[in-house]
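Please read the following briefing beside the sequence and the coordinates. The points are grouped by topic.

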Amino acid sequence: MADVLVLADVADGSVGKPSLELLTLAARLGTPVAVVIGVASSDVVEKLGQFGASAIVTCDDAELTSSVGAGVVTLLASLVSSRSPVAVLLASSAEGKEIAGRLAVRLDAGVLTDAVDVVAADGGGIVVEQSVFGGSTVVHARSTRGVPIITLRPNSVTPVEAPVSPEVSVVTISQYAEGAAPRYAKVVSRAPVASGGRPGLTEAAVVVAGGRGVGSAENFALVEELADALGGAVGASRAATDAGWYPHTTQVGQTGVTVAPQLYIACGISGAIQHRAGMQTAKTIVAINKDAEAPIFELADFGVVGDLHVVLPQLIAEIRSRQS
Amino acid sequence: MRIVACVKQVPDTFSEKRLDPADQTLDRGAADGVIDELDTYAVEEALRLKESHEDSTVVVLTMGPASAADTLRKALTMGADEAVHVVDDALHGSDALATSLVLAKAIEHVGYDLVVLGSESTDARMGVIAAMLAERLGVPQATLAGKVGIDGSTLRVQRVTAAGQADVEAELPAVVSVLEKINEPRYPSFKGIMAAKSKPTTTLSLADLGIDPAAVGLAAAATVVVDSTVRPPRGDRTIVTDDGSAGVQIADFLVDQKLL
């Protein structure tokens with residue numbers, strides 16, 4: 001079987017769940033080959049192997065790790081030419097999509113972003129399912145030129161273990177650089193995000209989000225407490241971020257982050273179209289709002305017309321007692 | 001310094017969007033077209049850089065149908081100096097590869113030290129065009145900026161992603177994309193609205209840019225939509241009014257759904 005290249009996301013020496021999802025999809029299409037930027041520790045190799053990476057290619061050149069976009073694209077383009085994969089899969093993060101876009105230009109190949117499913121089509125080729133316009137429309141698309149470059153939205157598939165012993169190779173960018181190096185922007189310092197122990201918003205299985213009804217920055221502690229009880233991430237509506245109650249980076253919606261968790265709990269969020277565009281593909285939606293006419297109830301699998309300041313403490317206590 | 005700010009006409013953020021069943025492209029007739037809100041941050045950032053650097057010019061660029069001229073007018077009323085509109089019937093249905101090709105040719109045609117874009121469009125939401133432009137132009141990609149500064153010919157950007165923040169440096173010319181809320185876009189003043197009427201707007205065709213019409217548009221796209229369906233509304237909804245036990249009821253529901 002032909003290779004499928006997967007750009008793995010390794011941060012702080014651990015492999016992110018979106019990368020495991022990519023490996024699971026890659027196995028449907030061919031032989032998964034993981035590309036790791038930086039050094040792959042034995043833990044990383046073991047984890048990638050556990051989820052089916054039959055080969056791992058790593059590159060730790062400073063030129064690659066410190067450049068924005070350009071270096072990784074050069075590496076991937078060269079691997080495409082040496083390994084002739086049937087597809088290149090990346091996570092649908094902002095960085096993943098940028099790399100996918102540049103690679104598509106470099107290779108003059110089709111790029112499909114925000115896939116929620118990828119299948120090998122009858123009679124050859126790969127069909128990608130995308131959820132567009134904030135989840136209101138489902139699209140099937142395929143690439144018609146070059147190697148398909150696909151970015152996958154987190155929480156789209158359940159990672160499946162398929163243990164193998166990966167063959168690890170280390171490459172240097174100079175092996176791959178053709179002609180003059182591209183001009184690139186250089187990273188001079190990095191400050192990783194302080195997660196507060198919570199999962200990332202886009203990859204969390206549970207997202208608890210607060211809106212105007214939360215009422216103040218201080219009251220967001222209640223939203224955080226519920227998220228922590230469920231092991232989830234905290235999001236916010238635009239009304240809440242515009243009011244300065246919670247950081248803009250947590251804004252779920254048309255102009256912010258798109259999430260598709262197993263469970264989304266909307267607290268004091270009316271559910272304007274701008275917000276729905278970022279969360280309506282969540283598998284299960286629970287909404288708590290004082291206003292029985294709030295459009296969020298059109299989406300809710302379970303809705304409570306009530307005061308979140310009363311309902312949330314009871315819900316948190318109930319979750320804690322059932323967990324213990 | 002010559003700054004090119006790219007803008008896109010999109011369906012109003014607060015409208016329902018849909019695909020045209022005939023060719024699976026965006027149905028532009030289904031909603032009002034407006035300047036993409038995320039691009040207004042790019043225009044504002046370009047204007048601020050112009051105001052803090054002598055002898056600077058802001059050129060606002062769009063590719064789109066004739067109606068997209070409205071987005072250019074909006075940017076001119078905000079304070080941009082010139083507008084460039086790439087319009088050609090052959091562009092209908094262009095994918096990201098073709099769009100980036102046309103924009104790159106137009107940017108080279110116009111001349112630039114810095115290109116500024118929004119972080120993504122609110123309709124397609126691919127978030128690839130800025131990176132594609134850096135690749136096509138062969139210049140540094142300083143994208144997803146929460147802060148932009150220029151010191152001589154050195155560009156400094158605070159790049160913000162889900163992974164954290166990074167301080168990034170590059171030599172001009174370069175491509176920047178800016179995040180929502182990097183600034184507060186100004187409202188056009190009466191003076192700005194009046195002044196916009198006399199600012200130059202250039203219309204460019206594919207021929208003007210030396211692009212073969214066969215290289216763009218729906219027929220040249222490297223990806224094709226096979227089918228599309230509008231998602232049906234959710235069924236089986238339960239809505240209750242809190243009688244003092246709603247917290248317990250939600251917990252019961254979560255247990256039923258095997259979420260707890």
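Which residue of E13(B) does Val305(A) stand opposite? In this predicted model, Val305(A) stands opposite Thr241(B), and the strands that hold the two residues, E17(A) and E13 (residues 238-241) of chain B, run parallel and are joined by four bridges.

**Contact between the chains**
- On the side of chain A, 75 residues are in contact with 70 residues of chain B.
- Several elements of chain A give two or more residues to the side that touches chain B, including strand E7 (111-120), strand E12 (186-192), strand E17 (302-305) and helix H10 (308-323).
- The most is given by H5(A), with ten residues.
- By residue class, the side of chain A that touches chain B divides into 36 nonpolar, 25 polar and 14 charged residues.

**Nonpolar cores**
- The largest nonpolar core has 141 residues, and those with the most contacts inside it are Val6(A), Leu89(A), Ala5(B) and Val60(B).
- Helix H3 (residues 96-110) of chain B contributes the largest share of this core, nine residues.
- When neighbours within four places in sequence are left aside, the residues in contact with Val6(A) include Leu22(A), Leu23(A), Val33(A), Val35(A) and Leu89(A).

**Parallel strands of chain A**
- Strand E4 (residues 31-37) of chain A is mostly covered, with five of its seven residues buried.
- E4(A) pairs in the parallel sense with strand E1 (residues 3-8) of chain A over six bridges, and in this pairing Leu5(A) stands opposite Val33(A).
- E4(A) also pairs in the parallel sense with strand E5 (residues 55-59) of chain A, over five bridges, where Thr58(A) is the bridge partner of Val36(A).
- Between E4(A) and E5(A) the chain crosses through helix H2 (residues 42-50) of chain A, and this β-α-β crossover is right-handed.

**Surroundings of Glu63(A)**
- Glu63(A) lies in helix H3 (residues 62-65) of chain A, and this residue counts as partly exposed because 17 C-beta neighbours lie inside 10 Å, whereas a buried residue would need 20 or more.
- Leaving aside neighbours within four places in sequence, Glu63(A) is in contact with Gly71(A) and Ile173(A).
- Glu63(A) and Val187(A) are 124 residues apart in sequence, and their C-alpha atoms are 9.9 Å apart in space.

Technical notes: Residues numbered from 1 in each chain as written. Chains lettered and ligands numbered in written order. Predicted model: local features only at pLDDT ≥ 70, side-chain atom pairs only at ≥ 80, totals over all residues. Core = buried A, V, L, I, M, F, W, Y, C linked by C-beta atoms within 7 Å. Buried ≥ 20, exposed ≤ 12 C-beta atoms within 10 Å, placed from the backbone. Contact = placed C-beta atoms within 7 Å. Pairing = 2+ DSSP bridges. Right-handed = clockwise from strand over helix to strand, strands pointing away. Nonpolar A, V, L, I, M, F, W, Y, C, P; charged D, E, K, R; others polar.
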